[in-house]
Amino acid sequence: MRIERDAMGEMQIPDGQYYGVQTMRAIANFAISGIKPLANYVSACVLIKKAAALVNAELGCIPTDIGMAIASVCDEILEGKLRDQFVVDIYQAGAGTSHHMNINEVLANRALEIIGDRPGNYNRIHPNDHVNYGQSTNDVIPTAIRIGALLSLEQYLYPAISSLSEQLRLKTSEFDGIIKSGRTHLQDAVPVRLGDTFQAYAQIITEHYQRLQQAALGLCPLGIGGSAAGTGLNTHPAYRERVCAKLAEFTGFPIEPALNLMSAMQSMGCFVHVSGALRNLAQDLTKIANDLRLMDSGPKTGLKEIQLPPVQPGSSIMPGKYNPVIAEMTNMVCFQVMGYDTAIALAGQAGQMELNVMMPLIAYNLIHSIEILGNAIKTLAEKCIQGITPHPERCLAYAEGSLSLVTVLNPYLGYSLCAEI
């Protein structure tokens with residue numbers, strides 16, 4: 001054990017841990033869910049700390065050797081090390097101060113080791129005075145949510161949507177010659193091509209991709225440099241521009257300073273906007289998954305126009321039964337994303353005066369929505385859409401048996417006579 005002290009007194013820190021006294025208090029205070037911060041959220045915080053350390057060292061605000069040591073720890077974490085040190089429950093102190101100090105303490109204590117000192121000797125490298133120089137939870141956390149969401153969009157969701165769109169377009173060509181009955185109100189409608197059905201799905205997904213990319217542009221202006229309450233207190237005049245430039249270099253995103261630092265920490269509008277785009281995608285994805293389940297229903301008592309690829313036995317008691325489990329999983333993920341969106345919308349309007357204190361909830365819900373939706377879409381494309389096979393004879397039989405075929409006679413006989421026929 002080592003002893004660390006903060007403004008509230010002393011606490012014992014277990015050997016081998018790089019977090020410190022404020023993290024220990026958060027562990028004791030917030031034993032709520034057991035859910036720890038998401039990896040990309042941690043990475044976003046660490047990227048901010050690396051950029052800040054390097055810029056502050058360049059500007060002479062902290063000693064160069066300390067800035068380089070902090071940056072070295074950031075690189076270790078970005079390579080996958082020390083990830084077990086970020087331990088604060090996602091339901092925590094408002095605005096994210098607990099998580100923020102967890103980051104600061106880990107960086108300070110590991111940096112102390114790098115310069116040949118011992119963890120806890122904050123006279124050499126201090127979590128607040130050095131790692132957090134020129135920063136505040138007020139500007140770091142909303143910046144981290146922006147970068148974390150952008151990282152997850154690039155890593156999880158964009159590739160998955162591209163894959164799904166491609167698989168749907170391949171089925172468009174494959175199923176082009178198959179005629180089936182259309183259905184409106186779940187009743188017989190005029191015949192359609194099975195390929196056209198999948199082409200419509202592909203277009204729906206493509207349009208959502210475009211809407212998401214447009215919404216994500218709102219994440220790129222950063223309020224970093226706002227420090228406490230957006231005042232820029234204790235920051236070098238060149239700090240704001242240089243940190244944004246570093247973050248743009250590190251990530252490849254079109255990052256730039258926000259036009260108004262106070263607005264960037266008060267308004268959660270950009271997060272609500274992206275979450276709304278995710279919800280919109282989830283709603284149409286739910287509809288597509290439901291369509292697939294209906295077209296696959298049966299095999300003897302349902303439509304069975306298509307066969308979704310069986311991936312596991314479907315019953316613990318009924319032998320030979322297979323269920324549309326990938327489509328079902330997709331529905332569940334979509335419902336979770338819609339629930340997260342509701343929480344984000346409520347949290348987004350819960351700020352008072354100069355700060356929104358519900359940012360930890362927004363951070364987790366938004367980034368998790370992106371990641372689970374991306375994983376679900378990737379699985380849907382690879383384990384369901386790619387392996388769909390049609391039943392052309394069944395499709396044609398329904399189409400030829402549909403009373404709605406009479407619709408083509410409307411121009412010749414009139415609606416009323418066709419209805420009598």
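**Reading helices and burial in a predicted model**

Q: Where is T197 placed?
A: T197 lies in helix 7, which covers residues 194-216. Keep in mind that the model is predicted.

Q: Does T197 count as buried or exposed, and why?
A: Buried means under 20% relative accessible area. T197 has a relative accessibility of 16%, so T197 counts as buried.

Q: Which residues is T197 in contact with, leaving aside its neighbours within four places in sequence?
A: With those neighbours left out, K180 and V192 are in contact with T197.

Q: How many of the residues of the chain count as buried?
A: The chain has 421 residues, and 52% of them count as buried. The chain exposes about 18,800 Å², and 54% of that is supplied by carbon and sulfur atoms.

Q: How do I read the crossing of helix 2 and helix 4?
A: Start with distance and angle. The axes of helix 2 (residues 39-58) and helix 4 (residues 97-114) come within 11 Å and cross at roughly 60°. Angles of 65 to 115 degrees count as roughly perpendicular and those under 35 degrees as roughly parallel; helix 2 and helix 4 are therefore oblique to each other. Their crossing is right-handed.

Q: Which residues make the contact of helix 2 with helix 4?
A: Helix 2 supplies Y41, V42, C45 and K49, while helix 4 supplies H99, H100, I103, N104 and L107. By class, five residues are nonpolar, three are polar and one is charged.

Q: What does the secondary structure of the chain come to?
A: The chain has 15 helices and eight strands. Its C-alpha trace spans about 90 × 50 × 35 Å along the principal axes.

Methods. Residues numbered from 1 in each chain as written. Predicted model: local features only at pLDDT ≥ 70, side-chain atom pairs only at ≥ 80, totals over all residues. Heavy atoms only, no water. Axes fitted to C-alpha atoms, helices over the stretch in contact; angles between N-to-C directions. Helix = DSSP H or I, 4+ residues; strand = E, 2+ residues; numbered from the N terminus. Parallel < 35°, antiparallel > 145°, perpendicular 65-115°, else oblique. Left-handed = near helix turned anticlockwise from the far one by under 90°. Contact = heavy atoms within 4.5 Å. Nonpolar A, V, L, I, M, F, W, Y, C, P; charged D, E, K, R; others polar. Buried < 20%, exposed > 50% of the residue type's maximum accessible area, 1.4 Å probe, protein only. Areas by Shrake-Rupley, 256 points an atom, 1.4 Å probe, with all protein chains shown as cover.
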